[in-house]
Amino acid sequence: MLSKNKVSKYLLYAIGEITLVVIGILIALSINNKNDEMSKRNAEKNFYRNTQQQLLDDAENVKGQIAYNSIYTEQFKYAIEIIELNERNLTDSLGSIAVNLTNYSDFDRQGNIYETMVNSGDIKLLQNDAIIERLRRLEETYIYANRIESIHYELVLAIVPNVMESVRLNTNKVENVEYLFGFKFQNLFVISLRIMNEKEEVYQRALYEIQEIIDLIEAELKD
């Protein structure tokens, strides 16, 4: 009986020891998992902060392009009217505007957020699928904006000889009034204006998409 009691006590002691060890392991694992989750969450929030700043910089850049683009948009509309009404008393003004056909907005973004995120593996940190999708969509908008800008640049290269044929570039003095007031030159303003209007639309779309992402990021940073 005494022997059996000793075995029972030993078994109870052993079970108790094992139970304490298991509990200790489970607590350690729980703490480790919480630390790991906290570390990942901190890395995720750090990514959001960096991305937010980059998007804010991009937004300011886009706004600058919109302002720059709008200046010439209004000028080209005015030039079309001058030619349409054949207002020869505004020849000098038309010549100055004609020289501006060689100017164009060019959005130079800070970097490719979505591609960098995928290549670096940061995408695995992000729990908010809506942010990932909107970053991808914004990247497509940026690419489209750059494509339109490239088309505008090619147009500018084609326009330069026409401007040089009618206006002296160093003084903006008109040397070929008839050509400047002809429908062919007017068409240059019309085509440029169409491309610039399309650029305006894509710039505005980019601003909208940037703000959407920033709003989502701010919600994540509050958690």
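R136 is partly exposed, with a relative accessible area of 28%, where partly exposed lies between buried (under 20% relative accessible area) and exposed (over 50%), computed with a 1.4 Å probe on protein chains only. The model is predicted, so that local features need pLDDT of at least 70 and side-chain atom pairs count only at pLDDT 80 or more, whereas totals for chains, interfaces and linings use all residues. Residues are numbered from 1 along each chain as its sequence is written, and side-chain values use heavy atoms, with hydrogens and water left out.

The protein chain has a mean pLDDT (the predictor's confidence in each residue, from 0 to 100) of 86, and 84% of its residues reach 70 or more. Confidence is lowest in helix α3 (residues 113–120), at a mean of 75, and highest in helix α2 (residues 91–99), at 95. Helices are DSSP runs (H or I, at least four residues), numbered from the N terminus.

Eight salt bridges are found in a search of the whole structure, each defined as a side-chain nitrogen of Lys or Arg within 4 Å of a carboxyl oxygen of Asp or Glu. One of them pairs R136 with E133, with the closest N and O atoms 2.4 Å apart. E133 and R136 are three residues apart in helix α4 (residues 129–166), and are therefore separated by about one helical turn. E133 is likewise partly exposed, at 29% relative accessibility.

In helix α1 (residues 2–85), E60 and K63 also lie three residues apart, and their salt bridge has its closest N and O atoms at 3.7 Å. E60 is exposed at 53% relative accessibility, whereas K63 is partly exposed at 43%.

A further salt bridge joins the side chains of R168 and E175 (3.0 Å, N to O). Shared partners link E133, R136, R137 and E140 into one network of salt bridges.

Conventions:
Helix = DSSP H or I, 4+ residues; strand = E, 2+ residues; numbered from the N terminus.
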